[in-house]
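Please look over the sequence and the 3D structure shown below. The paragraphs after them go through the chains one feature at a time.

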Amino acid sequence: MNICVRTRFIRSNLVSNLCRLSTTPEIEQNEQVVLIDDTEDVQAKEAEIEQKRNKSRLTPAHYNIIHDKRPYEEPKCLAHLTVKYSRKMYGKYGVASGVNPSLCWPSKQEIQERKEFESVAFPYTIKEMMETVQKRRQEEKLKIDQREMEVAAKFAKLDQWKKELNDKINKKAAEVQSAKQKKERLVEEVRRHFGFTLDPRDARFQEMLAKREKEQKKLEKQERMQAKEKAMIAKLQQKNVEISDKSSQ
Amino acid sequence: MGSRQITEKSLAMLRSLPRLSLGNIRDNPGSRRNPKRGRGQHGGDKHGAGNKGSGQRQNYMRLGYETGNNPFYLRMPHEQYYKGHHHRRQYPPISLHEIQKLIDTNRLDISKPIDIASIVRSGLYNFFPDQKHFGIHLTDEGVDIFAAKINIEVQWVSEPVIAAIEKNGGVITTAYYDPHSLMLLKNPKSFFQSGQAIPRRMIPPPDVIEYYTSAEMRGYLADPEKISQERLRLSQKYGYQLPVLENDQNYNMLCERKDPRQIFYGLEPGWVINLRDKCILKPKDEELIQFYSS
């Protein structure tokens, strides 16, 4: 229980305080001149009559509450000494409660604590938060833009890449096809050599095939050599022509 | 003795017997159990608890436990679709149709600015700030029949609602209130009776700062210049003639807005309201004034 005892504030020159604190003190003062016979005797008699009239059997506190008065004039328990209770009494029963209204505002220490709490609970100002959000939005946008540009650049090259890939596949297929044909031709030749269908796993067949392959390779090599020679000759001839041209000039 | 006699006799006996009633019928077999447990060598054998195992020991496994197997209910990975839902802000809805009803039945005074306090006061809307309710979501049901010129302040809206209100020459603002301020707005009387000074409204959290600073959503922290531009833009988008606010006879009422730190219309933070004395107490201490105006 947070008990903050500030009893000295309670009921200390209340009226002057109230006038000082309130800019709109709407306390009506009816200045009626009524002659009331208020000698002590009459007052005591009236009080006695009132007491006798009260047949409610309520406790004084309940009687007060029912009659819209503060239940206790003096504190009955610790809770009645707290600031919270005093504020409540003022809020409910107004000036008649006898509480100093200056209690309604937080004390200097409470203000300091509140400020400290707010600095922790709300570390950023509105402007800072707005800037952070703006920054985050910009970053998100930048990311999306970059990705879109990347995709566009790749899309521009897509046709070329497709063509390259198809060419590669076709080339590989053609190579495989030509190798297969070559092999078939060789097998056919061997078969023709023997004059009858021979099992390709036969040793003779294999031998013949190896021989044929060797011949083929030799032939190819020869062809290559010839092509090379031809190229060389052509080159030499060109060179000769060039030299002759130069000399003629 | 013939069978006739027997019949006669048994009928006579039946007549003499009392009538069948709930008081004289026997219980169904097996409906009564002996409340006492048998004792002795064979009298109380297993007492219905079976032989061996958790049945006999009555230490039953928890539901779903499969004695060391990976339990079925944990075998599948779990996607937490509603993760953190109980921490999220909620805005209990009220529709434009209902607002129209409140106005038509004189529960809302449209000659004054309308805020959550006046809507709660109508008695047809309620919310609970302690249950993560952060105010009113004004929904678009009844946009077509809405026909009132109001200055309303809510906590969440959508574009068609803004358009419906502005089409009728009204104004709408979205404003954030922290739960404590909402408590005050929900029940001002109990707060005033507690004898405290009116606190300041707190600033919105970072995840909604965009909403409450955007002119499109008529945020209370948005630039008024931008808001007027957005009003025009929205009228062009929805195709209606925007009524000129300046020519309106209720111009002052329509232009009334709360300060971002203010909770009640007409009451500033730091004031103490006493309902008994019907007076307002304002602080004069410099530090207090400075604190409540910050």
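**A guided reading of the model**

UniProt, in an unreviewed entry, places the feature "domain: Large ribosomal subunit protein uL15/eL18" at residues 93–173 of chain B. UniProt positions are given here in the numbering used for this structure, feature names are shortened, and annotations may be inferred rather than shown by experiment. The end C-alpha atoms of residues 93–173 of chain B lie 16 Å apart, and the span is 30% helix and 16% strand. Helices (H or I, at least four residues) and strands (E, at least two) are DSSP runs, numbered from the N terminus.

Some ground rules apply. This is a predicted model, in which local features need pLDDT of at least 70 and side-chain atom pairs count only at pLDDT 80 or more, while totals for chains, interfaces and linings use all residues. Residues are numbered from 1 along each chain as its sequence is written, chains are lettered from A and ligands numbered from 1 in the order in which they are written, and side-chain values use heavy atoms, with hydrogens and water left out.

Chain A has 8 helices and 0 strands. Of its 249 residues, 17% are buried; buried means under 20% relative accessible area, exposed over 50%, and partly exposed in between (1.4 Å probe, protein chains only). The accessible surface of chain A comes to about 21300 Å², and carbon and sulfur atoms hold 55% of that surface. Accessible areas come from the Shrake-Rupley method with a 1.4 Å probe; for residues, only the protein chains shown count as cover.

How far can chain A be trusted in detail? The predictor's confidence in each residue is the pLDDT, from 0 to 100. Chain A averages a pLDDT of 86, and 85% of the residues score at least 70. Within chain A, confidence is lowest in helix H1 (residues 14–21), at a mean of 44, and highest in helix H6 (residues 126–156), at 97. Over residues 1–28 of chain A the pLDDT is below 50, although this stretch has 47 contacts in the model beyond near neighbours in sequence. Contact means heavy atoms within 4.5 Å. Where pLDDT is low, the predicted coordinates should not be read in detail.

Helix H4 of chain A (residues 83–93) is mostly covered, with 8 of its 11 residues buried. Among them are Val83(A), Tyr85(A), Arg87(A) and Tyr93(A). Just after H4(A), Gly94(A) takes a positive phi of about 65 degrees.

Further along is a span that UniProt, in an unreviewed entry, annotates as "coiled-coil region": residues 130–239 of chain A. The end C-alpha atoms of residues 130–239 of chain A lie 80 Å apart, and the span is 92% helix and 0% strand. Phe155(A) lies in helix H6 of chain A and is exposed, with a relative accessible area of 62%. Together with Leu158(A) and Trp161(A), Phe155(A) makes a nonpolar surface patch of about 330 Å². Patches are made of residues with over 30% relative accessible area and no salt bridge; like charges are joined within 9 Å, nonpolar side chains (Val, Leu, Ile, Met, Phe, Trp, Tyr) within 5 Å.

Charged pairs come next. A search of the whole structure finds 28 salt bridges over all chains, a salt bridge being a side-chain nitrogen of Lys or Arg within 4 Å of a carboxyl oxygen of Asp or Glu. One of them is between the side chains of Arg200(B) and Glu118(A), at 2.4 Å from N to O. Arg200(B) lies in the loop between helix H8 (188–193) and helix H9 (209–213) of chain B and Glu118(A) in helix H5 (residues 108–121) of chain A, so this pair joins two chains. Arg200(B) is buried at a relative accessible area of 5%, and Glu118(A) is buried at 12%. Arg136(A), Arg137(A), Glu140(A) and Glu210(B) are linked in a network of salt bridges.

Within chain B, the side chains of Lys258(B) and Asp115(B) meet in a salt bridge of 2.6 Å, N to O. This pair links distant parts of the chain, 143 residues apart. Lys258(B) and Asp115(B) are both buried. Arg32(B) forms a salt bridge with Asp27(B), with the closest N and O atoms 2.5 Å apart. Here Arg32(B) is exposed at 66% relative accessibility, while Asp27(B) is partly exposed at 41%.
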